[in-house]
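User: Hi! I'm new to this one and would like a friendly tour. Could you show me the structure before we start?

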Amino acid sequence: MIGISFYLQDPHAETQIIHAANLGVKRAFTSLHIPEEKGLVKRMIRLLKLAEDYGMEIHADVSLNTLDHLGINKFTDLWPLGIKGIRLDDGFDKEMVISLSKVFSLSLNASTLNEDELLAVLGGGVVPESLIAWHNFYPRPETGLEEEFFHEQNRMFKKYGIPIFAFIPGAGSKRGPLHEGLPTLEKHRLMNPYAAGIELIQHVEGVYVGDQGTEDNLLENLTAYKNLNILTIRVESRLLQSGQYKLRPDVSQDVFRLQNTRVTANVEPSNTAARSLGSITMDNDAYGRYRGEVQICKRDLGANHRVNVIGRVIEDDIPLLSLLKPGQTIKLIIE
């Protein structure tokens, strides 16, 4: 599933919620213990009501300071406000976790929980199917999770059948006060958020945009991949047209081959230059029946007088190439 995040201090939160809902995004995350947002209870209520009106399921990050932060008496007071799921920060004891699980959809901190602590929760009668293992996001650069630790934690939760959620940074607008992105994995902080999202979709059940920014069609492209298995790649080319193409089901060592691109018309040799990772090529007349076949290079290749270089994948989208699958539908967008 794909989800967004909205924050009380963001003046564009209403627009963001409506935009996401109109794309079919039905889940949203917010935090109820950000120090900078203390005293914004009325705005919180308005945003939660708006999200609920648009059919969004809201999960909120809470800590032991949330009650004081919001001026409420008990966590169950969040239910009438539209909060149906809560994600527990550190400090909640086993008894409180079990008690809250009877009211809310419950998310455990997947980035910090160890197996003994997980077993203590499960031993208290909470069934794995009612839990979510939800990773942190990390506002400060250099503090995001190491990739191997991330996968190690995920293996633990998968062993018990608990679904896993994680965050990618937003596109465009980043949440303050640091404005450095809100990824789970440090490697994703400066990465194209769409590529980061596609990578996470292949490992976890829920991918949420941590920042409020969803520019550059981020949600549109993520939902197209999640729901239709269409991966969008931006390219530069004077010969290709924007549109959908399908990769062959067999896997070539050096190139991705686009099906149904061969032609009977002549393709004169032109720009038969060396090919780098991400180069887009077309076989020319010298390749006979292969003429017109379009390929995308998986690695650097030398020049071939039978192959014309007709464009290339833009640099920010190069990481998407490693995520392509056999038979994948790709949507090429000419920049």
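This is a predicted model: local features need pLDDT of at least 70, side-chain atom pairs count only at pLDDT 80 or more; totals for chains, interfaces and linings use all residues.

User: What about the phi of glutamate 142?

Analyst: Its phi is positive, about 80°, although glutamate 142 is not a glycine. For background, most residues other than glycine have a negative phi.

User: Which other residue has a positive phi, near 60°?

Analyst: That would be asparagine 260, which is not a glycine either. Asparagine 260 sits in the loop between strand 11 (255-257) and strand 12 (279-283). At 80% relative accessibility, asparagine 260 counts as exposed.

User: And the peptide bonds, where is one that is cis?

Analyst: Look at the bond from glycine 176 to proline 177, where omega is near 5°. Proline 177 is part of the loop between strand 7 and helix 7.

User: OK, let's zoom out. How many helices and strands are there?

Analyst: The protein chain has 8 helices and 15 strands. Its C-alpha trace spans about 75 × 40 × 35 Å along the principal axes. The chain has 335 residues, and 53% of them count as buried.

User: Now aromatics. How many aromatic pairs are there?

Analyst: A search of the whole structure finds 12 aromatic pairs. In one of them, the rings of phenylalanine 29 and phenylalanine 137 have centres 6.0 Å apart and planes at 90°, so the pair is edge-to-face.

User: Where do phenylalanine 29 and phenylalanine 137 lie?

Analyst: Phenylalanine 29 is in strand 2 (residues 27-31), while phenylalanine 137 is in the loop between strand 6 (131-134) and helix 6 (147-159), so the pair ties together parts that are 108 residues apart in sequence. Phenylalanine 29 is buried at 1% relative accessible area, and phenylalanine 137 also counts as buried, at 15%.

User: Which residues do the ring pairs link into a cluster?

Analyst: The cluster is made of Phe29, Trp134, Phe137, Phe165, Phe167 and Tyr208. Tryptophan 134 is found in strand 6 and counts as buried at 0% relative accessibility.

User: What is tryptophan 134 in contact with?

Analyst: Leaving aside neighbours within four places in sequence, its contacts include Phe29, Phe165, Phe167 and Tyr208, as well as His59 and Arg87. Arginine 87 and tryptophan 134 are 47 residues apart in sequence, with their C-alpha atoms 7.4 Å apart in space.

User: Which charged residue sits over the ring of tryptophan 79?

Analyst: The charged end of lysine 84 does, 3.9 Å from the ring centre. Lysine 298 is placed over the face of phenylalanine 256, at 4.9 Å from the centre of that ring.

User: Next, the nonpolar core. Which residues touch the most other members of the largest one?

Analyst: Met56, Leu78 and Ile233 do, in a core of 89 residues. Helix 7 (residues 193-201) gives the most to this core, with 6 residues.

User: What does isoleucine 233 touch?

Analyst: Not counting residues up to four places away in sequence, isoleucine 233 touches residues including Val313, Leu320, Leu324 and Ile333.

User: Back to helix 7: how many of its residues are buried?

Analyst: Helix 7 is mostly covered, with 9 of its 9 residues buried. What covers them includes strand 1 (2-5), helix 6, strand 7 (164-168), strand 8 (206-209), helix 8 and strand 9.

User: Last topic: how much space lies in the largest pocket?

Analyst: The largest pocket holds about 320 Å³ of space. It is lined by 17 residues, and the closest to its centre are Asp216, Asn217, Leu218, Asn221 and Arg234.

User: Which element gives the largest share of that lining?

Analyst: Helix 8 does, with 3 residues. Helix 7, helix 8 (218-228), strand 9 (230-237) and strand 15 (329-334) each supply at least two lining residues.

How values were computed:
Residues are numbered from 1 along each chain as its sequence is written. Side-chain values use heavy atoms; hydrogens and water are left out. Rings of Phe, Tyr and Trp (its six-membered ring) pair if their centres lie within 6.5 Å; planes under 30 degrees apart count as stacked, over 60 as edge-to-face and the rest as tilted. Helices (H or I, at least four residues) and strands (E, at least two) are DSSP runs, numbered from the N terminus. Buried means under 20% relative accessible area, exposed over 50%, partly exposed in between (1.4 Å probe, protein chains only). A charge sits over a ring if NZ of Lys or CZ of Arg is within 6 Å of the ring centre and within 35 degrees of the ring normal. A nonpolar core is a set of buried Ala, Val, Leu, Ile, Met, Phe, Trp, Tyr and Cys residues joined through side-chain atoms within 4.5 Å. Contact means heavy atoms within 4.5 Å. On a 1 Å grid over the protein atoms alone, a cavity is a set of points where a 1.4 Å probe fits but cannot get out, and a pocket is an open set with protein on both sides within 12 Å along at least five of seven lines; lining residues have an atom within 4 Å of a point. Grid points are joined across faces, edges and corners, and a volume is the space filled by probe spheres set on the points.
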